[in-house]
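Trainee: I have a model open and want to learn how to read it. Where do we start?

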Amino acid sequence: MTKKVGVAILGLGVVGGGTYQTLVEHHDFYLETQQVDISVEMVLDKNLERLKDLGVPQEIIAGSIEEVLANPNVDIVVETIGGIGVAKAFVTAALRDGKTVVTSNKELICKFSHELEKIARRNRCGLYYEASCVGGVPIIRTLLDGVQANKIQSMMGIVNGTTNYILTKMTYEGADYADALKEAQRLGYAEANPTADVDGFDSMYKLSILSSMAFHTKIPYTKIFREGISQIDVKDIAFGRELGYTLKLLAIGKNTDKGIEVRVHPTLIPNAHPLASVNDSFNAVYLTGDAVDDVMLYGRGAGALPTASAVVSDVIYAATHSDVKYSTFKNTATADSAVKFVSDFSSAYYIRVSAEDRAGVLAKISGIFGKYGISIVELAQKGDAVGGKVPLIIITHKTSENSVKRAVEKINAAGVGEVQSVIRVEK
Ligand code: HSE
């Protein structure tokens with residue numbers, strides 16, 4: 001039997017507009033394939049010009065959130081406004097009224113899903129957020145319904161398209177960071193204020209949501225180590241390539257015997273790793289489970305229609321499932337006090353030193369590494385001396401973050417050169 005479901009869309013910007021378009025254009029297809037008659041009953045957006053451009057009929061344009069929530073034909077509220085101001089107020093109001101919410105808002109889910117889920121449970125309605133992480137890539141559904149048989153051991157993801165675009169330009173065209181960023185802004189990937197993307201906040205919110213789901217325990221974003229790409233020198237990307245590595249901004253979550261490790265930072269990965277060939281604005285997540293072994297999902301992490309694909313898949317899921325599933329962990333504001341987090345994590349490292357070009361310098365530097373128990377895998381002098389200095393590249397074995405920090409301080413104080421870059425390496 002065909003089920004009738006009414007949707008309201010709040011915010012018809014890029015993602016909301018794409019959602020409207022997809023729901024309208026694919027109406028008959030969903031009726032045929034999913035036996036669900038989904039109609040857009042109301043939309044709410046201050047930009048009436050935009051609504052006109054999208055071809056939204058006048059009679060479904062609401063004047064306020066109250067009007068949307070008072071409409072008995074609205075079963076599902078789609079929030080595509082973004083941010084945690086108005087969006088949070090509207091989502092809270094919708095859940096309080098017992099309306100299922102579908103949102104693409106990663107910051108809202110990352111920071112407030114514990115609060116919102118409580119309201120949803122109380123009112124027996126759903127809270128779905130596939131589109132909040134990695135756009136059109138169905139990573140949340142995969143974690144919930146695809147790999148749930150597994151204890152997930154690790155996840156590594158390129159979860160931000162803007163930074164992946166910038167790094168791709170730097171890697172394959174030799175562009176420097178500032179020029180690559182300008183190009184990303186010109187193409188509409190990066191915002192005028194690019195901080196959320198380039199400093200890793202966007203990836204951090206996504207990692208908080210995804211690792212909580214993967215490891216079945218709350219991982220607040222405050223537990224995530226974060227470093228962005230704005231300090232990356234194109235020279236290091238080129239030297240890394242020569243040594244067989246590609247630079248990516250990775251969101252990494254590991255569930256180890258020592259505890260949970262969550263971090264976002266530029267990472268050199270072997271050129272042969274599947275994530276190394278994820279280029280331009282594409283995203284990918286690489287999961288390892290104890291039964292399935294490795295799984296990789298690849299696709300578009302942003303954009304109107306790819307993100308709408310995720311929003312609408314949640315709308316269809318909500319429309320075709322009468323039972324509601326909530327988090328598979330205690331969804332609280334803070335982490336469970338019984339869970340251990342690893343802060344001094346281990347990694348291999350790429351270190352570039354601008355070293356004095358004279359006898360004894362190499363011995364001094366390797367002596368400092370030895371003193372801190374850091375074993376060197378590879379050491380290469382790159383190019384000729386300029387102004388008496390030469391770039392020295394060191395790749396280490398796996399060692400602790402703290403040991404590297406201490407060794408770097410010692411090298412800088414030893415009068416043999418200056419450490420200019422430290423980049424983590426995942427093998
Ligand atoms: N700004 C994000 C990106 C898309 O560049 O991937 C939305 O999360």
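Trainee: Which residues are around the ligand?

Mentor: Remember that this is a predicted model. The residues around the ligand are K106, N160, G161, T162, D197, D202, K206 and A302.

Trainee: What lies 2.9 Å from an N or O atom in the side chain of D197?

Mentor: A nitrogen atom of the ligand.

Trainee: Now the helices. How is a packed pair described?

Mentor: Two packed helices are described by the angle between their axes and the distance between those axes. Take helix 6, residues 106-122, and helix 11, residues 201-215. They pack at about 50°, and their axes are 9 Å apart. That angle makes helix 6 oblique to helix 11. The crossing is left-handed.

Trainee: Which residues make that contact?

Mentor: Helix 6 supplies K106, E107, I109, C110 and K111. Helix 11 supplies D202, Y205, K206, S208 and I209. By type, four are nonpolar, one is polar and five are charged. K106, D202 and K206 are also among the residues around the ligand.

Trainee: At what angle do helix 8 and helix 9 pack?

Mentor: Helix 8 covers residues 161-173 and helix 9 covers residues 177-186. Their angle is about 130°, with the axes 9 Å apart. Helix 8 and helix 9 are therefore oblique to each other.

Trainee: Is their crossing left-handed or right-handed?

Mentor: Right-handed. Y165, I166, K169 and M170 of helix 8 meet Y177, A180, L181, E183 and A184 of helix 9. This contact has seven nonpolar residues, no polar ones and two charged.

Notes:
Residues numbered from 1 in each chain as written. Predicted model: local features only at pLDDT ≥ 70, side-chain atom pairs only at ≥ 80, totals over all residues. Heavy atoms only, no water. Axes fitted to C-alpha atoms, helices over the stretch in contact; angles between N-to-C directions. Helix = DSSP H or I, 4+ residues; strand = E, 2+ residues; numbered from the N terminus. Parallel < 35°, antiparallel > 145°, perpendicular 65-115°, else oblique. Left-handed = near helix turned anticlockwise from the far one by under 90°. Contact = heavy atoms within 4.5 Å. Nonpolar A, V, L, I, M, F, W, Y, C, P; charged D, E, K, R; others polar. Near = heavy atom within 4 Å. Polar contact = N/O pair within 3.5 Å; in protein donor to acceptor, adjacent residues only side chain to side chain.
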